[in-house]
Amino acid sequence: MNIAYHAESGIFKLDTEKTSYIIALADKERFIGHAYYGKKISDTDVTYLLRTGENPFVPSKNNRDRSSFFDTFPMEFPGCNTGDYRESAIEVIDAQGHNAVELIYKEHRIMRGKPGLPGLPATFGGEEECMTLEIDAEDKCLGMEATLRYSIFADSDIVARSVSVKNCSEKSFFLTRIMSASVDMDQEDYKLLTLHGSWARERHMDYREIGYGKQSVGSTKGESSHQEHPFMALVSKKATQESGNVYGFHFVYSGNFLAQVEKNQFDSLRIQIGIHPKNFCYEVKPGECFEAPEAILVYSSEGLGGMTRTLHDLYRNHLIRSPYKDKKRPILINNWEATYFQFDTEKLLSIAREAKKAGIEMLVMDDGWFGYRNDDNTSLGDWTVNEKKLQGGLKYLVDEVNKIGLKFGIWFEPEMISPDSELYRAHPDWAIAIDGRTPCRSRNQFVLDLTRREVLEYVYNAVEKILHSANIEYVKWDMNRQLTDLGSVYLGKENQGELCHRYVLAVYELQERLTKEFPNLLLENCSGGGARFDPGMLYYSPQIWCSDDTDAIERLLIQEGTALIYPLSTMGAHVSDCPNHTVGRSTPFSTRGNVALAGTFGYELDITKIPEEDRSRIPEQVAMYHKYNDLIRNGDYYRIASYRQNHLYDCYEVVSKDKKEALITYVQVLNRPNYHSRIIKPAGLNPQMRYRNEETGELLFGDTLMNAGITIQNMWGDFQSKLIHLTEV
Ligand code: DGJ
């Protein structure tokens, strides 16, 4: 890793082990140009890549617009309204009502380590692990100073970018657009990969051609959303799982986002990722600074798999802070799909007793324990225990569960308020709403205006009080509706456009406080399933509920898309009952276990009621979890085959860092009549190591396994699966 500045050529060269990122100060005016990002290169002075001398790109001052100079010049952080008609990285409304920004290099600093971003999640690393370049740029006319920040890591091929914008003038300006990263490059043969979804169908991989104009994914729902994901990749058409060029862009943020690619008249691409400009208008007062969240840029010449493993390692080593990140998580049983709202102390204890016998380690009490919440229409905000359900109180229940030998976890939805609640009756103006307009209800609830200090304090104190009242070791932090009717009584009329971002900052503040005050608490984020599965949340919680869809076959696609960019150690995955509550499908208990094993693993069923045949299999699955979880949590992930593409079977593999062990999960989704065995080819093994296939006892070298493959016999029936464990001999 190195960051160097070459004064004669005005070049900043950022080198990671396998990549180079080059910024060039162009022209006497010191535009901050983007010269190169990709595979590591030896030369430093690559200013020719800016093409400033080429016809028609003549940067003569008088002829710039006609010659499309600004429209072609690759900018690090393009401003607006001064000749570049492509999308801007920054836009403002200044005191005169104008919108023009042109950021010119002023000075820079190169330092070891990586500064944190106040109030925001961000990747981190010490002085030996990271280096940071800060370029200060200014627009003298506006009195604006922007600091463009670039951090690189010794052990990771990524560039982490963020921006802060300071108002050095005497008057406020309003930011109406601020991207965290903007990258210009030529279109070679890339197609666009995004993650698309819906409730119970989150993060399915979606490819499309890149046409002229703009294509984007985004969320304006106040959270990352089920539908689109703060991630975008350009994938070479020639790329495979393990070779070819891939550029990934990922946003460390949990609110409205935009990820966009624009192809222009000269076949160049501008990729941007940042806060969605819709509903965003943020006042920066004189002397104040606005911090934009972090964006992660990853380049892989080793296909999608290379990008995946880079991001997995980055998040495991430099984003997740929880002490649980390197630990096996307790196997939990959650009562949501077991009882929904109909439970009491005895029911929960009966589940705990049976769970203990099977080797399960924690009981999680989900929604419905507070106020008078017997369905999803009431009581959010009233965080007092419903003693009609929990006879003897919460502490009694937790103590009894602990006596049985299980840990105890609890569900909250802290950001919400039910219109039918004591809290709403006392404080109707605490809900986000527009004065005079009946706000939209979703799941019969409103969202609390967390930008108000007293609301935030109320929420924090309510959660804190419950956590202090008993030995609670896990919290599932849920969020079951999106933001609408964006109005805050607290924010003035000039500042309503700050609501969504301030809301996200408030959620971060709450979770920061919670994890500081309860450092050993295992926090799992959740949002109606997986609508808030994003890197921002991983900074606070080491795991996130992946989807409300627990069907093993649906999970193949959801977990494939999720594992594309997130480590398996972060994916909440449970074995549930059949027919599955979301799709009505019945799959073998063993397949449900094998698929859930790829995540944090747990159960979501009434263990007292499931067939004895299934119950008797749980100890076996528990043993498998203990046997494989270190490998699954820490290993390298390889995608071998995808049911998304072949419509028949799915296969992925985790290889230990020392390559001495690998676990392959194979799911035969549909059986095929009259079919002989299938050969699958593992990846990532050491060619010279000899491995033992635990099931067959076969001894084969890594090169044989990877090139000749392993045969998988056809299994009888649909939805069958098997695990193949290879260990070095
Ligand atoms: C949505 C979550 O994803 C579910 O697991 C469950 O906790 C419900 N909310 C409870 O309301």
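Each exercise below is followed by a solution in steps.

This is a predicted model, in which local features need pLDDT of at least 70, side-chain atom pairs count only at pLDDT 80 or more, and totals for chains, interfaces and linings use all residues. Residues are numbered from 1 along each chain as its sequence is written, and side-chain values use heavy atoms, with hydrogens and water left out.

**Exercise 1.** Determine how helix 7 and helix 8 are oriented to each other, and state which residues make the contact.

Solution. Helices are DSSP runs of H or I with at least four residues, strands are runs of E with at least two, and both are numbered from the N terminus. The axes, which are lines fitted to C-alpha atoms over the stretch in contact, with angles running from 0 to 180 degrees between N-to-C directions, come within 11 Å for helix 7 (residues 453-469) and helix 8 (residues 499-517) and cross at roughly 30°. Helix 7 is therefore roughly parallel to helix 8, a term for angles under 35 degrees. Their crossing is right-handed, meaning that the near helix is turned clockwise from the far one by less than a right angle. The contact (heavy atoms within 4.5 Å) includes Leu 456, Tyr 460 and Val 463 of helix 7, and Leu 510, Arg 513 and Leu 514 of helix 8. By class, the contact residues of helix 7 with helix 8 divide into eight nonpolar, one polar and six charged, where Ala, Val, Leu, Ile, Met, Phe, Trp, Tyr, Cys and Pro count as nonpolar, Asp, Glu, Lys and Arg as charged, and the others, Gly among them, as polar.

**Exercise 2.** Is the crossing of helix 10 and helix 11 left-handed or right-handed?

Solution. The axes of helix 10 (residues 552-563) and helix 11 (residues 589-596) come within 9 Å and cross at roughly 15°, and the two helices are therefore roughly parallel to each other. The crossing of helix 10 and helix 11 is left-handed. Its contact is made by residues including Arg 555 and Leu 556 of helix 10, and Arg 592 and Val 595 of helix 11.

How values were computed. Angles under 35 degrees count as roughly parallel, over 145 as roughly antiparallel, 65 to 115 as roughly perpendicular and the rest as oblique.
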